[in-house]
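Please look over the model shown here before reading on.

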Amino acid sequence: MSDLKRTPLRDFHAAHGARLVDFAGWEMPVQYRSILEEHKAVRRTAGLFDVSHMGEVDVKGPEALRFLNKLVTNNVAKLFPGRVLYSPMCYPSGGVVDDLLVYMRAPDDYFLCINAGNIDKDLAWIHEQAKGFAVTITDRSADYALLAIQGPTAVAIVQALTGAKLDRIGYYHFVEGTVAGVQCIISRTGYTGEDGFELYHPAGDAVALAEAVVQAGAAHGLELTGLGARDSLRLEAGYPLYGHEITADISPLTAGLGWTVKLDKGADFIGRDALLAEKTNGAANKVVFFKTGDRRIVRADTPVLGADGTVVGKVLSGTLSPLLNEAIGSALVTTASAMAPLAVDIRGTLINLQLVKPPFVELKKS
Amino acid sequence: MSSVPSDLRYAKSHEWLKPAGDGTATVGITDYAQNSLGDITYVQLPKVGATLAAGQVFGVVESVKAASDLYLPVAGTVIDVNSALDAAPETVNSSAYEAGWILKLKLSDPASVETLLDASAYGKLIG
């Protein structure tokens with residue numbers, strides 16, 4: 001795996017028994033001992049994820065707000081220093097370039113967190129769109145490592161390592177402070193559906209911070225958790241994953257993310273015309289979430305069958321819910337078929353899809 | 001690393017077979033196989049009474065990662081299946097050679113067992 005990129009924690013993972021795999025060109029821990037057990041640990045106590053492969057981009061300058069409100073579909077003008085916003089970033093077609101988090105540090109000073117597999121594509125897109133705006137775009141991906149501590153005991157673990165008053169940081173808010181002596185952006189965000197924090201910090205401090213978190217977490221049931229559990233946790237929470245529920249061909253409206261598309265925000269943004277037309281005319285397809293009552297995993301790209309057996313769509317994501325002990329997933333189906341019975345054929349057995357409005361399990365944060 | 005008990009025989013496709021000495025044998029997947037698959041979430045068992053050829057697919061084992069076919073090491077008739085795996089497929093992870101057995105077989109030809117790898121040869125294969 002010598003061609004793969006590595007986070008500063010690659011050797012830390014190997015020393016802790018991780019199974020390392022190629023994820024979007026990065027050598028990443030998919031699991032340490034069991035995806036199912038790591039998933040349950042995050043729902044019951046806490047998990048520590050290395051997500052340093054994610055990209056970070058500074059957007060600064062007097063027109064930073066005006067530029068970002070053109071670039072993304074959600075309303076960046078709602079932000080204030082210390083506030084985080086989730087948003088898709090669309091093509092003129094309404095398809096999605098990427099989904100990202102926007103952090104406002106100060107007026108004229110914003111910070112984006114983007115998907116690892118999209119860093120090069122996003123940077124090229126952002127630079128292209130920034131022409132004519134008084135903004136400076138800087139790729140900071142190599143400078144930052146990112147640790148996520150997620151689960152019911154995450155607050156107690158991080159609080160043991162910082163003087164920052166964590167109970168004063170609301171969901172989707174952040175402060176800048178030190179954790180275990182390491183300068184961090186302490187962000188109350190995550191991708192698991194649990195309470196917790198994401199800590200952006202200098203790459204050179206990643207091992208020291210991870211070791212401090214592991215030590216502080218020992219009394220709080222913290223486990224090392226890999227990208228396998230991260231994926232099943234996000235699907236159980238009903239969160240989209242770029243390349244699955246949202247793609248260059250699946251718009252945020254089709255994906256059920258209408259709440260992130262602010263057609264009336266008072267700024268013309270890329271994709272607005274197409275998304276307005278989709279909203280007005282109705283979408284041809286729809287992303288639905290399902291469970292099956294059966295343990296057989298319904299994997300991505302499995303054809304979805306309508307009531308008469310014809311193909312009306314395909315599965316986008318599928319896994320076994322470790323909490324429900326049954327297959328869960330998402331599918332893209334024609335809008336007309338979404339109200340009718342749906343099924344999939346798994347090795348000759350017809351399995352009915354029971355549509356569910358996510359989250360699949362009760363969450364404290366969603 | 002992976003456990004390879006010396007009293008079992010092995011197929012290159014990572015199933016093990018344990019002859020009972022009375023013309024029947026127990027079949028499962030190896031410790032190496034369960035470890036490569038990761039968390040096992042479903043085991044599709046064959047029907048009791050089915051007569052299958054050597055190398056024929058007799059079931060499927062699914063993990064979070066993928067679904068993999070299971071191949072019968074030698075020809076025979078299925079005389080029992082481990083139905084406890086329906087509710088607890090993870091037993092294959094925790095006890096690949098004991099509680100996680102998959103089926104019992106009446107061998108078509110007891111001598112066919114000699115065509116399989118012994119522990120030393122299988123150990124080299126996965127080495």
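How many helices and how many strands does chain B have? Chain B has four helices and nine strands, where helices (H or I, at least four residues) and strands (E, at least two) are DSSP runs numbered from the N terminus. Along the sequence these elements follow the pattern β-β-β-α-β-β-β-β-β-α-α-β-α. The radius of gyration of chain B is 13 Å, close to the 14 Å that the globule rule gives for 127 residues, so chain B is as compact as a globular protein of that length; the radius is taken over C-alpha atoms, and the rule is 2.2 Å times the number of residues to the power 0.38.

This is a predicted model, in which local features need pLDDT of at least 70 and side-chain atom pairs count only at pLDDT 80 or more, while totals for chains, interfaces and linings use all residues. Residues are numbered from 1 along each chain as its sequence is written, and chains are lettered from A and ligands numbered from 1 in the order in which they are written.

Within chain B, six strands form an open sheet in the order β1-β2-β3-β9-β8-β5, with antiparallel pairing; two strands pair if DSSP finds at least two bridges between them. The edges of this sheet are β1 (9-10) and β5 (51-52) of chain B, each of which pairs on one side only. Strand β2 (residues 15-19) of chain B is joined by five bridges to the antiparallel strand β3 (residues 24-29) of chain B, and there B:Leu17 has B:Val27 as its bridge partner.

Chain A is divided into domain 1 (10-54 + 143-236), domain 2 (55-139) and domain 3 (240-356), with bounds that come from an automatic or database domain assignment. Towards the end of chain A, strand β18 (residues 342-346) and β19(A) pair in the antiparallel sense over five bridges, with A:Leu342 opposite A:Leu353. These two strands, β18(A) and β19(A), form a hairpin with two residues between them, and A:Arg347 in the turn has a positive phi of about 50°. Strand β14 (residues 285-291) of chain A also pairs with β19 (residues 349-356) of chain A in the antiparallel sense, over three bridges.

Where the chains meet, the contact takes 11 residues from chain A and seven residues from chain B. On the chain A side, α2 (35-44) and β16 (311-321) of chain A each supply at least two residues.

Which residues touch the most other members of the largest nonpolar core? Of its 100 residues, these are A:Val102, A:Leu147 and A:Ile149; a nonpolar core is a set of buried Ala, Val, Leu, Ile, Met, Phe, Trp, Tyr and Cys residues joined through C-beta atoms within 7 Å, and a residue is buried if 20 or more other C-beta atoms, placed from the backbone, lie within 10 Å of its own. A second, separate core of 30 residues includes B:Ala33, B:Val74, B:Val78 and B:Ala96.

Note on methods: Contact = placed C-beta atoms within 7 Å. Buried ≥ 20, exposed ≤ 12 C-beta atoms within 10 Å, placed from the backbone.
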